[in-house]
Amino acid sequence: VLLLEERTGIEAEAHQVFEAPTVAALAAWLAADRERTASSRQPAPHAKDMPLEMLLERQRHFLVNWKGVQMAPESFLYVRNPQGSRHPLFWCFQGFEALSKLALYLGPDQPVVGMRSGHVIMPYTDRNVNALAAHYAQEICHAQPEGSIHLGGNCQGGIIARSVALELRRMQRKVDLLVLMEETDFAPYDGKVALLFG
């Protein structure tokens, strides 16, 4: 971390360096930090809000090591246990390891469709969260055009999952269950919710 700060002039915390799964992801984070620094010098009413294209481009850098069946060539959704016969579970994770573990422990008969939270790629403004969630909702509808949706997320993924659930309901899709794990901020949601804490 000290070498990184010395060479780039960018202050970083150890977890930020270790959470980048590849050098490309670390480079994307460094570029994003430079953009934030540059934009902080220019006054803007919503300097933390980002265009969807930028959010998705940053997200791609963190998905390069995700494994599973990609829902489509450019999809941000990855399926583990795709041959399972149970109703798919869509879940928003911080990283691939959590997707891999959940799919393993739920067993081969449970398809788990993973999407990544906005961790490290964006500030959690309403606009950023809603933009990413709307994109995921569209992909979910494409992946599962009929039937009710089972959806969840942990930590920051729960924030995205709740917003995805609201967007799906606006699209007239039924969300049978929203699971929020390790959430501490409970924004209003009038559907069926399961809260998990560990």
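This is a predicted model: local features need pLDDT of at least 70, side-chain atom pairs count only at pLDDT 80 or more; totals for chains, interfaces and linings use all residues.
Author: A residue counts as buried when its relative accessible area is under 20%, as exposed when that area is over 50%, and as partly exposed in between.

Reader: What makes the contact of Arg-60 with Glu-74 a salt bridge?

Author: The closest N and O atoms of Arg-60 and Glu-74 are 3.2 Å apart, and a side-chain nitrogen of Lys or Arg has to be within 4 Å of a carboxyl oxygen of Asp or Glu, so the pair forms a salt bridge. Side chains of opposite charge can pair when their charged atoms come close. Glu-74, with a relative accessible area of 54%, is exposed.

Reader: Which parts of the chain does the Arg-60 and Glu-74 pair tie together?

Author: Arg-60 belongs to helix α4, residues 52–63, while Glu-74 sits in the loop between β1 and β2, so the pair ties together parts that are 14 residues apart in sequence.

Reader: How many salt bridges does the structure hold, and how do you know that Asp-190 and Arg-169 form one of them?

Author: The structure holds four salt bridges. For Asp-190 and Arg-169 the closest N and O atoms are 2.6 Å apart, which lies within the limit of 4 Å, so the name applies. This pair links distant parts of the chain, with Asp-190 in the loop between β6 and β7 and Arg-169 in helix α7, 21 residues apart. Asp-190 is exposed at 65% relative accessibility, whereas Arg-169 is partly exposed at 30%. Another salt bridge joins the side chains of Asp-176 and Lys-174, at 3.4 Å from N to O; here Asp-176 is partly exposed, with a relative accessible area of 26%, and Lys-174 is exposed, with 57%.

Reader: How do you know which residues of helix α5 line one face of the helix?

Author: The buried residues of helix α5, which spans residues 96–106, are Phe-96, Leu-99 and Ala-103. Seen down the axis of α5, they fall within an arc of 60°, so they line one face of the helix. The face turned away from this buried side carries the exposed residues Glu-97, Leu-104 and Tyr-105. Among the elements that cover the buried residues of α5 are β2, β3 and β4. Just after α5, Gly-107 takes a positive phi of about 100°.

Reader: How many residues of the protein chain count as buried, as a percentage?

Author: Of the 198 residues of the protein chain, 42% count as buried, a label that requires a relative accessible area under 20%. The chain contains seven helices and seven strands.

How values were computed. Residues are numbered from 1 along each chain as its sequence is written. Side-chain values use heavy atoms; hydrogens and water are left out. Helices (H or I, at least four residues) and strands (E, at least two) are DSSP runs, numbered from the N terminus. Buried means under 20% relative accessible area, exposed over 50%, partly exposed in between (1.4 Å probe, protein chains only). The arc is that of the directions from the helix axis to the C-beta atoms. Contact means heavy atoms within 4.5 Å.
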